[in-house]
Amino acid sequence: MNVTSETAALLERLGVAKADFSGGDLIVRSPVTGEQIGALTSISPAEAGKAIERADKAFKAWRNVPAPKRGELVRLLGEELRAAKTDLGRLVSIEVGKIPSEGLGEVQEMIDICDFAVGLSRQLYGLTIATERPGHRMMETWHPLGVVGVISAFNFPVAVWSWNAALAFVCGNAVVWKPSEKTPLTALACDAIFKRAAARFGADAPENLSQVLIGDRAVGEVLVDHPKVPLVSATGSTRMGRDVGPRLAKRFARAILELGGNNAGIVCPTANLDMALRAIAFGAMGTAGQRCTTMRRLFVHDSVYDALVPRLKKAYESVSVGSPLETSALVGPLIDKAAFDGMQKALKEAAGHGGKVTGGTRVDNGHDGAFYVKPALVEMPGQVGPVLEETFAPILYVMKYSDFDAVLDAHNAVGAGLSSSIFTLDLQEAERFLSVEGSDCGIANVNIGTSGAEIGGAFGGEKETGGGRESGSDAWRAYMRRATNTVNYSKALPLAQGVSFDI
Ligand code: NAD
């Protein structure tokens, strides 16, 4: 099989012109084989600025289209995504190395958020609030915000755009997207899919309502610094967020920061170990450990440690690693050599701190430029060194605990605060984990793993994960601005708080 020609055929079927992915400066390689699959042309910072100006113009037209009608555009986008699901899912597998069910699952997530946003387009509610002044009415109105900048990471190359874009569009905004420089091909495909939906929607969808800017962080920085971008939703490493957050704050722009995770599970004495085993295996090894919600730390009660950990090690030893395009392997490749090197460095450091490593070695698949590894399970004497950091690779650090209060403290003793889970049939333990003194993460689960969130809930995390929320629940509010309106329908002018000012 030739990955390069298959990619070209997929892109063509998805509606991307050949000139858009050949002959440019930005080289894209498939992590599946290491082969070059595209050469795109990066946009200059000056051109990126012009694209934002065009988006602002589109916003000024789009904001006047009624919200339920805006929902119709997103409904059409969902239809186009349904039609493109097989091809786009396959392209995700080629560009990121996800196994087929995860590639398709990512596109399903896009379809789900479109459905959610269509319903939302009739539910952008404000409150009516009791006023202390007679003959007055007080209410809230939610207005569109403007141009929403989206910066996305390589590991969810299409879903993250849709979480933001579907909501942003029904809320009346224009979207300018800077995808990861590692995964721009799937972004071009999304752009072509959106354009088909917009063409079916008709003239009310202004030109440049949705744009994709190809390039590296320098292009992202234009979005971050541009005065006509009131909100930037940035997904990526905590390192990226440390730069982006203060820059947005400096110009009082809004930020939705979706940054790194260092997610943990706790296995308690009463846990259903069969269930825990499966949940941990998917959470820690799935997507080759390259999910922000990947389980990276595991605390196991000493009474069940010997019943669980040897079984878990067996699962690590036997898990199939290989090409997601040609085999039914459960673990695909790492994104690139830097990810492999980062993993080896962390494993070496862990061993230096007394960690006992199972797995972690490179798996040869016949391509020098592709990096496959056996997922690593590391039994650690304590939470030290690399355990405290996110290494974006399949490493699970396993630690024993004996005291529930102490394990809650250890659970929360890292910088990130994205996802967490507890395995227990003890109601008090489960409730305490979900309570104010329990997990400090944005996602806290009972008897399921840390990854695989549904779009209906708000997604995001605390502390060094950045505090942003996307997707379901009331995350839409971040994409709109709220005005409090007071209307006086009386003939008097009473002032609030009993203040008098008679002239
Ligand atoms: P990355 O930080 O290297 O890059 C992410 C994006 O930010 C890219 O598009 C990049 O070009 C851009 N970027 C980097 N520095 C920038 C800057 N200073 N200004 C503007 N743009 C900048 O991340 P990655 O390696 O692509 O992705 C992996 C990371 O993303 C992991 O840390 C993972 O946990 C995190 N992630 C978080 C979530 C979440 O929802 N919390 C979801 C997916 C991935």
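Student: How do the residues of the shell around the ligand divide into nonpolar, polar and charged?

Tutor: This is a predicted model, in which local features need pLDDT of at least 70, side-chain atom pairs count only at pLDDT 80 or more, and totals for chains, interfaces and linings use all residues. Residues are numbered from 1 along each chain as its sequence is written, and side-chain values use heavy atoms, with hydrogens and water left out. A residue is near a molecule if one of its heavy atoms lies within 4 Å of it. Ala, Val, Leu, Ile, Met, Phe, Trp, Tyr, Cys and Pro count as nonpolar, Asp, Glu, Lys and Arg as charged, and the others, Gly among them, as polar. Here the shell holds 11 nonpolar, nine polar and eight charged residues.

Student: Which residues are the closest to the ligand?

Tutor: Of the 28 surrounding residues, the closest are Lys178, Glu181, Ser237, Asp243 and Glu390.

Student: Which atom of the ligand is 2.6 Å from the side chain of Asp243?

Tutor: A polar contact is a pair of N or O atoms within 3.5 Å. For Asp243, a side-chain N or O atom is 2.6 Å from a nitrogen atom of the ligand. The side chain of Lys178 has an N or O atom 2.7 Å from a ligand oxygen, and a polar side-chain atom of Glu181 is also 2.7 Å from an oxygen atom of the ligand.

Student: How much of the ligand's accessible area does the protein cover?

Tutor: Accessible areas come from the Shrake-Rupley method with a 1.4 Å probe. The protein covers 93% of the 850 Å² that the ligand has on its own.

Technical notes:
A polar contact is a pair of N or O atoms within 3.5 Å; within protein, one must be able to donate a hydrogen and the other to accept it, and residues adjacent in sequence count only if both atoms are side-chain atoms.
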